[in-house]
Amino acid sequence: MDDSENKVTRKSSPPIKVYCLPEEKRSIELQAERAGMSAARYLREVGQGYQIKGVVDFEQVRELARINGDLGRLGGLLKLWLTDDIRTAQFGRSTILAVLRRIEATQEEMGKVMTKVVMPRSEQ
């Protein structure tokens with residue numbers, strides 16, 4: 001007899017029925033979607049005591065990468081000015097203060113995106 005004929009799979013095992021209200025079902029499905037799982041997998045893992053970790057939205061990660069690039073470019077300009085680089089000789093006090101304000105604004109923007117990433121969507 002072949003071993004594959006005796007193999008136990010989830011599909012061949014009896015299911016566990018869970019009765020829930022429509023809003024409970026929607027909540028479970030939403031939590032599963034946030035974790036990047038099917039509702040069945042989500043319930044199976046929660047039921048076995050696994051801690052569920054959500055999936056970070058790709059668009060938010062891309063936005064953080066863009067903001068990080070902006071900060072890098074602004075920091076590079078500031079570094080050139082501080083080292084008296086010839087390319088920044090025309091930078092005056094007002095230009096440097098504008099760069100510093102832009103860095104602060106970019107940090108605030110990054111903070112807002114990070115808040116979106118770490119806070120559940122239902123609390124925003």
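Met 110 touches Leu 64, Ile 67, Asn 68 and Leu 71, when residues up to four places away in sequence are not counted; a contact here means heavy atoms within 4.5 Å. The structure is a predicted model, in which local features need pLDDT of at least 70 and side-chain atom pairs count only at pLDDT 80 or more, whereas totals for chains, interfaces and linings use all residues. Residues are numbered from 1 along each chain as its sequence is written, and side-chain values use heavy atoms, with hydrogens and water left out.

The protein has 4 helices and 0 strands, where helices (H or I, at least four residues) and strands (E, at least two) are DSSP runs numbered from the N terminus. From the N terminus on, the order of the elements is α-α-α-α. Among contacts between residues at least 6 apart in sequence, 50% join residues at least 24 apart. Of the 124 residues, 17% count as buried; buried means under 20% relative accessible area, exposed means over 50%, and partly exposed lies in between (1.4 Å probe, protein chains only). The protein exposes about 10,200 Å², of which carbon and sulfur atoms supply 56%. Accessible areas come from the Shrake-Rupley method with a 1.4 Å probe, and for residues only the protein chains shown count as cover.

Met 110 also belongs to the largest nonpolar core, which has 11 residues in all. A nonpolar core is a set of buried Ala, Val, Leu, Ile, Met, Phe, Trp, Tyr and Cys residues joined through side-chain atoms within 4.5 Å. In soluble globular proteins, nonpolar side chains tend to be buried together.

Thr 106 is found in helix α4 and is buried, with a relative accessible area of 0%. Not counting residues up to four places away in sequence, Thr 106 touches Ile 67, Asp 70, Leu 71 and Leu 74. A polar atom of the Thr 106 side chain lies 2.7 Å from the backbone oxygen of Arg 102. Asp 70, one of the residues touched by Thr 106, has its place in helix α3. With the same exclusion of residues up to four places away, Asp 70 touches Arg 102 and Thr 106.

The model contains 6 salt bridges, a salt bridge being a side-chain nitrogen of Lys or Arg within 4 Å of a carboxyl oxygen of Asp or Glu. Asp 70 takes part in a salt bridge with Arg 66, in which the closest N and O atoms are 2.8 Å apart. These two residues are 4 residues apart in helix α3 (residues 58-82), and therefore about one helical turn separates them. Asp 70 is buried, at 14% relative accessible area, whereas Arg 66 is partly exposed, at 36%. The side chain of Asp 70 also meets that of Arg 73 in a salt bridge, at 2.6 Å from N to O. Asp 70 and Arg 73 are 3 residues apart in helix α3, again about one helical turn, and Arg 73 is exposed, with a relative accessible area of 53%. Salt bridges that share partners join Glu 63, Arg 66, Asp 70, Arg 73 and Glu 109 into one network.

Another salt bridge links Glu 29 with Lys 25, the closest N and O atoms being 3.3 Å apart. Both residues lie in helix α1 (residues 22-34), 4 residues or about one turn of the helix apart. Glu 29 is partly exposed, with a relative accessible area of 36%, and Lys 25 is likewise partly exposed, at 45%. The expected span of a helix is 1.5 Å times one less than its number of residues. For the 13 residues of α1 this span is 18 Å, which agrees with the 18 Å between its end C-alpha atoms. Helix α1 is followed by Gly 36, whose phi is positive, near 75°.

Ile 52 has its place in the loop between α2 (39-47) and α3, and is partly exposed, with a relative accessible area of 23%. Ile 52 touches Ala 35, Met 37, Tyr 42, Glu 45 and Val 46, not counting residues up to four places away in sequence. The C-alpha atoms of Ile 52 and Ala 35 are separated by 6.8 Å, although the two residues are 17 residues apart along the chain.

Methods: A polar contact is a pair of N or O atoms within 3.5 Å; within protein, one must be able to donate a hydrogen and the other to accept it, and residues adjacent in sequence count only if both atoms are side-chain atoms.
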